[in-house]
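Please read this briefing alongside the sequence and the structure shown below.

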Amino acid sequence: MEKEQFYYDNKIVRNFLYATILFGVVGMLVGLLVAFLYLFPQLTDGIPWLSYGRLRPLHTNAVIFAFVGNGVFAGAYYSMQRLLKARMYSDFLSKLNFWGWQLIILGAAITLPLGFTSSKEYAELEWPFDIAIAIIWVAFGINMIGTIIKRRERHIYVAIWFYIATFVAIALLHIFNNLEIPVSYLKSYSVYAGVQDALVQWWYGHNAVAFFLTTPILGLMYYFVPKVANRPVYSYRLSIIHFWSLIFIYIWAGPHHLLYSTLPDWAQNLGVVFSIMLIAPSWGGMINGLLTLRGVWDKVREEPVLKFFVVAITGYGMSTFEGPMLSLKNVNAIAHFTDWIVAHVHVGTLAWNGFMMFGMIYWLIPRLTKTTIYSKGLANFHFWIGTLGVILYTLPLYVAGFTQASMWKQFKPDGTLQYGNFLETVTQIMPMYWMRAIGGTLYFIGILVLVYNIVKTVKQGSPVENELAEFPALPKISSNQLKGEKWHAWLERKPVQFTLLTTLAVAIGGVIQIVPMLVVKSNITTIPSVKPYSPLELQGRDLYIREGCNNCHSQMIRPFRSEVERYGDYSKSGEYVYDHPFLWGSKRTGPDLHRVGGKYNDNWHFNHMWDPRSTSPGSIMPPYKWMYANKAMDNSLIEKKMQVMVQLGVPYSEAEITNARKNMDIQASNIEKNLNNDPDFVKSYEESKKKAAAKGEAFVAMKDREIVALIAYMQRLGTDTKVKK
């Protein structure tokens, strides 16, 4: 049969690899800064765009979508062309995918530190970026499907199955989680509220991990591990079971992030059941990966790439065993809101994702430059210092998590809390935070070693942007050749049917969980005393979101004796009906705030936000001094915000919207009046007036500054249900 000549597009692979390395450095550097902010909370004092609450989402987005995302695209573009024996369908779409993705990352790097965020975990970018992500993702999908259709290999290999599932699932998750109504070009409100928003968000949040940080990496594993080891995949049948069971079960597991919350029990229990089931397909994939190395373990001692892959797959196994265990209610009651979850996440990110990326980079770059790796010794050094970094990062945080849970729940013989002051738990785990920072530093040093090694490798080689290949066109097959064909073999040569079946497997769990939550009213209790936020409180809530306060504080009191004793009555679903978006948080670096309204006076909040250690000795919260600046708060959008809220079902009247600024002034004036009861405030206030006059600046009354709106919001929290603290 006559062979056809064509060229693999290596340039797009190279570009994505370079972006992976660049953003690996940037993402981990930001993470390292975040880790040191736990130890030195005033390190970036007075610089709003370097505050913890704004940097933390920048770190997660940089690592997930910039570092791992670019790596996934690099590996997928390289492996797809070779598995399908075809150049990518469209060079234009490949370039659009690359440059569009980098522009989105650049936009995130600008807007997140400036405080433009939707507050949804792993989906913080505002609505224009959501649209851009959808466009670029569709471009990637069209390019992939077009390449599959013009392939010269009849059956699509298991790695391609995982790429298809990734494309389908992320498209569904991204679209439905990011339904929002814009207020301005960088401000929007989620169409979901409270409990419904929480369910949709963690349907997305859990499955962003599943289908962006797991399924595509499994696809890379199924391609690169056999390739590097020069061995076939251990079990084809196991890969079939692994794939279909994984994509079907994974999508149901999101509610295990909301155990003991106000989510209805039926939804929580569904999440638990499917989370426990998830261990089987996950470990099936791990076993398939590790047993592919049977007979070549001697290579692992010599080949750094295989070392990275072995630890990565082991990290995947550890993380996917721990995940189902954390979904058990008795375990979740201990681990949730603690640093245990941070350790769990970083086993997956640093070991599974990070080490798969590093191994792939070390293997691909020499092949794209027709040379060998500059230094195997440096690659081995990177492996060992990276492994040590993962251990020193995660183990102390597991200890911290157990310590936090134990201290939060301990009672004295008289029935009062043993550690009534939340800060006692914070100061107890500071040594663990030091160890975490050291582990992160070692991991970061490993990345710098990789950068040096790759730069030297590229310099000694010569790039191959278009690699010549030749294969015969796909011949037609006769009916005789199809006799005895098994169902999955048939499916593997029918990419359209394969994609449709994948879509059905992925979508069914989300539909069964989410639709009843949206349409059955009895899922959410009605509390007549719960009213919409006042205009000033709404503005304060948006400032709370801008500063990322939900990164450190929860607003969900679980029905535990220890939490009710510490924070007040447990939370009810009806209290969140006007919360667009929900702000339950996922970690308690500081205490829960759902019942904080009225617990402290306005002066306490004023002093706490200026210098947290003045009111809470030992606090690791950063100060927010820019909210006190001699500058009027921007209220230009308040009427538009309220109008959007009305579209979302919040019962603001026309009169309330028309008089919004007047009502804001009245409420703010009352707070300023309360502040004037403190002689120290009056003294400093008068001094600031004199300083403004000396500089020739117009003086802005305190009632018109951002801090007052934030105080108004804080004082509102939990007061609708009239629960005494």
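Setting aside neighbours within four places in sequence, Thr525 is in contact with Ser573 and Gly574, where contact means heavy atoms within 4.5 Å. The model is a predicted one, in which local features need pLDDT of at least 70 and side-chain atom pairs count only at pLDDT 80 or more, while totals for chains, interfaces and linings use all residues. Residues are numbered from 1 along each chain as its sequence is written, and side-chain values use heavy atoms, with hydrogens and water left out.

- Thr525 belongs to the loop between helix H19 (495–519) and helix H20 (535–546); helices (H or I, at least four residues) are DSSP runs, as are strands (E, at least two), and are numbered from the N terminus.
- Thr525 counts as partly exposed because its relative accessibility is 42%; buried means under 20% relative accessible area, exposed over 50%, and partly exposed in between (1.4 Å probe, protein chains only).
- The side chain of Thr525 reaches the backbone nitrogen of Gly574 at 3.2 Å.
- Between Thr525 and Val577 there are 52 residues in sequence and 9.3 Å in space, C-alpha to C-alpha.

**Packing of H10 and H12**

- Helix H10 (residues 279–291) packs with helix H12 (residues 304–326) at an angle of about 165°, and their axes are 9 Å apart; axes are lines fitted to C-alpha atoms, for helices over the stretch in contact, and angles run from 0 to 180 degrees between N-to-C directions.
- H10 and H12 are therefore roughly antiparallel to each other; angles over 145 degrees count as roughly antiparallel, under 35 as roughly parallel, 65 to 115 as roughly perpendicular and the rest as oblique.
- From H10, the residues Ile279, Ser282, Trp283, Met286, Gly289 and Leu290 meet Val310, Ile313, Thr314, Tyr316, Gly317, Thr320, Phe321 and Pro324 of H12.
- By class, the contact of H10 with H12 has nine nonpolar, five polar and no charged residues; Ala, Val, Leu, Ile, Met, Phe, Trp, Tyr, Cys and Pro count as nonpolar, Asp, Glu, Lys and Arg as charged, and the others, Gly among them, as polar.

**Asn97, a buried polar residue**

- Asn97 is placed in helix H3 (residues 91–111) and counts as buried because its relative accessibility is 0%.
- The side chain of Asn97 makes a polar contact with the side chain of Tyr77 (2.7 Å); a polar contact is a pair of N or O atoms within 3.5 Å, and within protein one must be able to donate a hydrogen and the other to accept it, while residues adjacent in sequence count only if both atoms are side-chain atoms.
- Apart from neighbours within four places in sequence, Asn97 is in contact with Phe16, Phe73, Tyr77, Ile136 and Phe140.

**Helix H22**

- Buried residues in helix H22 (residues 602–610) are Asp602, Asn603, His605, Phe606, His608 and Met609.
- Their cover includes helix H23 (612–615), helix H26 (660–675), helix H27 (679–695) and helix H28 (706–716).
- Asn601 caps the N-terminal end of H22, with a side-chain oxygen 3.1 Å from the backbone nitrogen of Asn603.

**Backbone features in loops**

- The His580 to Pro581 peptide bond is cis, with omega near 0°, and Pro581 lies in the loop between helix H21 (561–567) and H22.
- Ser119 is not a glycine, yet has a positive phi of about 80°; Ser119 is found in the loop between H3 and helix H4 (127–149) and, at 12% relative accessibility, counts as buried.
- Lys370, also a residue other than glycine, has a positive phi near 55°; Lys370 is placed in the loop between helix H14 (339–368) and helix H15 (376–409) and is exposed, with a relative accessible area of 63%.
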